[in-house]
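Reader: I would like to go through this model label by label. For each one, please tell me what makes it apply.

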Amino acid sequence: MGKPKKKKSVSNTIALNKKSRHDYTLEDRFEAGLELEGWEVKSLRAGHVQLKDSYIIIQNGEAYLIGSHISPLPTASTHIHPDATRLRKLLLHRDELNKLIGAVDRKGYSIVPTAMYWVRGRAKLEIALAKGKQLHDKRATEKGRDWQREKSRLMKH
């Protein structure tokens, strides 16, 4: 009998926004769908996406992703004129939208994307309610991270 085949470890992650963890204190997280065009999905599969300077706004009771950059593939159709930084609608349940609207309007939170990944062939965006960090907060986080690293080194020896 043959050996059982191992599954390939394929990562579902398309893109991460590491800068969001540095600039913000992240609290509640939500999973949102994205309303995409065909050329955008092909570009996502090729990994041509950047979330670094993107954020989410709420207009007319709906959430939109702004500032994300999806580079069009050179093989895109000739009759389509792709816009790499267009406004992209997020697909969320009404109760999730109401929580986001309340937090942004009343409590002064921002909404930032933290990751983009595939779920059963559909692109999903992980978004988080975030409070901006002050410079001294960023330094304290860095100091704590350095101390944890130093502590683990000392424990090894």
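Reader: Why does T13 count as partly exposed?

Author: The relative accessibility of T13 is 42%. Buried means under 20% relative accessible area, exposed means over 50%, and partly exposed is what lies in between (1.4 Å probe, protein chains only). T13 at 42% falls in between, so the label is partly exposed. A word on the source: this is a predicted model, in which local features need pLDDT of at least 70 and side-chain atom pairs count only at pLDDT 80 or more, while totals for chains, interfaces and linings use all residues. Residues are numbered from 1 along each chain as its sequence is written, and side-chain values use heavy atoms, with hydrogens and water left out.

Reader: Where does T13 lie, and what does T13 touch?

Author: T13 is in strand β1, residues 13-16. Strands (E, at least two residues) and helices (H or I, at least four) are DSSP runs, numbered from the N terminus. Setting aside residues up to four places away in sequence, T13 touches M116 and Y117; contact means heavy atoms within 4.5 Å. T13 and P113 are 100 residues apart in sequence and 13 Å apart in space, C-alpha to C-alpha.

Reader: How many helices and strands does the protein chain have, counted that way?

Author: Four helices and nine strands. Read from the N terminus, the order is β-α-β-α-β-β-β-β-β-α-β-β-α.

Reader: Which residues of α3 are buried, and what covers them?

Author: E96, L97, L100, G102 and A103 are buried. Their cover includes β2 (24-34), β4 (55-59), β5 (62-66), β8 (110-119) and β9 (122-132). An α-helix has 3.6 residues a turn, so residues three or four places apart point the same way. After α3 comes G108, with a positive phi near 75 degrees.

Reader: Why is N60 called exposed?

Author: Its relative accessible area is 80%, and the cut-off for exposed has been passed, so the label holds. N60 sits in the loop between β4 and β5. Although N60 is not a glycine, its phi is positive, about 50 degrees.

Reader: What makes R120 count as exposed?

Author: R120 has 79% relative accessibility, which also passes the cut-off, so R120 is exposed. R120 is in the loop between β8 and β9, and its phi is a positive value near 50 degrees in a residue other than glycine.

Reader: S71 and I80: what makes each of them partly exposed?

Author: S71 has 24% relative accessibility and I80 has a relative accessible area of 34%. Each value falls in the range between buried and exposed, so both are partly exposed. S71 lies in the loop between β6 and β7, and I80 lies in the loop between β6 (69-70) and β7 (88-91). Leaving aside neighbours within four places in sequence, S71 is in contact with W39, S43 and H48.

Reader: How far apart in space are S71 and L44, and I80 and E142?

Author: S71 and L44 are 27 residues apart in sequence and 8.7 Å apart, C-alpha to C-alpha. I80 and E142 are 62 residues apart in sequence and 45 Å apart, again C-alpha to C-alpha.
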